[in-house]
Amino acid sequence: MKLSQFKFKLPEAQVALEPPHRVFENEDGTTEKVYHRDECRLMVIHRNSQTIEMFKKDADGNDTDQFLTFRDITGYFDEGDAFVFNDTKVFPARLYGTKEKTDAKIEVFLLRELNEELRLWDVLVEPARKIRIGNKLFFDEDGPMVAEVIDNTTSRGRTLRFLYDCPHDEFKRELFGLGSAPLPRYIINRREATPDDTENFQTIFARNEGAVTAPSSGLHFSRELMKILEIRGINFAYVTIHCGLGNFEPIEVEDLTKHKMNSEQMSVKAAACDIVNEAKRSGHRVCAVGVSTIRATETAVGTDGMLKEYDGWTNKFIFPPYDFGLADAMITNFYHPESTMMMTTAAFGGYDLITEAYQKALANGYLFGCYGDAMLILDD
C-alpha cells in the first residue's frame, strides 16, 4: 500500500489533550479535574459482517442517541476469553536543562541507558543545532545534575555522560525526579505536562520500566473495569514491549514496504503463553490491547498459531494486507493520519472498513491520539 492512502484532515479540536474528565468547582471558586480513563467513547468494528457500532442499544435492540463508552466493552467478551496487555512502564523521559555559558534552554529526551556504570544515555536534544560534542548541560540550578555531550548519533541524537557520582539507584531517582511525563509532541506543543500526567500517561498495570511513550490503548483500563472483567471470567496475559518513538516518526517513503521501523525491546514469558494458548485451544477470543501488543504477539507467534516465549527485539511493521497469526480481537485508538498505528489498525480491521470508521469518527466528534477515544475490532 501507499502512504497517501492513509492521509486525511484531522481538525485540531479533535486531538485529545487530556483523558476523559469532569471539572468540579470548589467552594473557594477554584476548579478541580477528576479523570475517568474508562469513560472515553468506544466504536465497535465487526470485520466479518462489515458493520460499525457507535451507539448503545435500547431494550428492543435498537440504537439510542447515547454513544458507547469504553466501559461497555465488557458486553462483548465471555468467560474464558483472554486479554493481552503490554505491561511496559513509562519513565519521565523529558527533561529541560540549560547550556553552559549561554544559558540557552535545551530539551533533552531520554531514550535509553547505554552504560550503567559510566552513566551514558542515548538522548534526543532540541534545538539540536546548539548542542555539540563537549558541551555541558545543567539540569538543576541548585543540584549536581550535569551532563556532557560525548557523541553525535543522528541529526537530533546525542550521547550524554552524566557527571554524577553516587550509587546508581540514587542517580536514577534524581534524574527521573527532574523529568516529566513524555507526552507526544502533538500535546506538548499545545500545553505543558502536569503532575496529573505522571499518573494519566501510565497504565494501571505498568510494571517493567523502559518505555518512552505509553501503550495508549491500555490507558483506558481502570481498576474498576479490570475487576469487572475479572469477575466475568476474562483472563489477563501480560507481555512487555518497551514503546519507543518510532511510531511517531514521519514515514518518508510512499511505498510502505520500504519503511523501516525502529527496533523495540520485548519479552514474552511462559505465563503469558499458557493463558493465551489455553484460550486459543478452548475456542475463546484472544484480544490484543493496543498496536504495541499486537506487534509483540505477531513477533512471538509460532506457525501453529500459538504464542511462544520470546526475549529480544522487534522491528515488525504491520500494514495492509497482513495475515494475523494470533489475536482475533483488538483494542486500539484513533490515530493521526499517515501514522504506523493507523496502518496496523487498518491491517487488522480491513482498509476499507477502518477508513469508513475513521470517517464516522471525524464526522461525529471522536477524539484522536493517546488520550483519545477507543476502537474495538471483533472477528464476527
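Q: How is C273, buried or exposed?
A: C273 is buried, at 5% relative accessibility. Buried means under 20% relative accessible area, exposed over 50%, partly exposed in between, with a 1.4 Å probe and protein chains only.

Q: What is this model, and how are residues numbered?
A: It is a predicted model: local features need pLDDT of at least 70, side-chain atom pairs count only at pLDDT 80 or more, and totals for chains, interfaces and linings use all residues. Residues are numbered from 1 along each chain as its sequence is written, and side-chain values use heavy atoms, with hydrogens and water left out.

Q: New topic. Which peptide bonds are cis?
A: E126 to P127 is cis, with omega about 0 degrees. P320 to P321 is cis too, with omega near -10 degrees.

Q: Where is P127?
A: In the loop between β11 (120-126) and β12 (136-138). Strands (E, at least two residues) and helices (H or I, at least four) are DSSP runs, numbered from the N terminus.

Q: What about phi at D103?
A: Positive, near 60 degrees, and D103 is not a glycine. D103 is exposed, at 58% relative accessible area.
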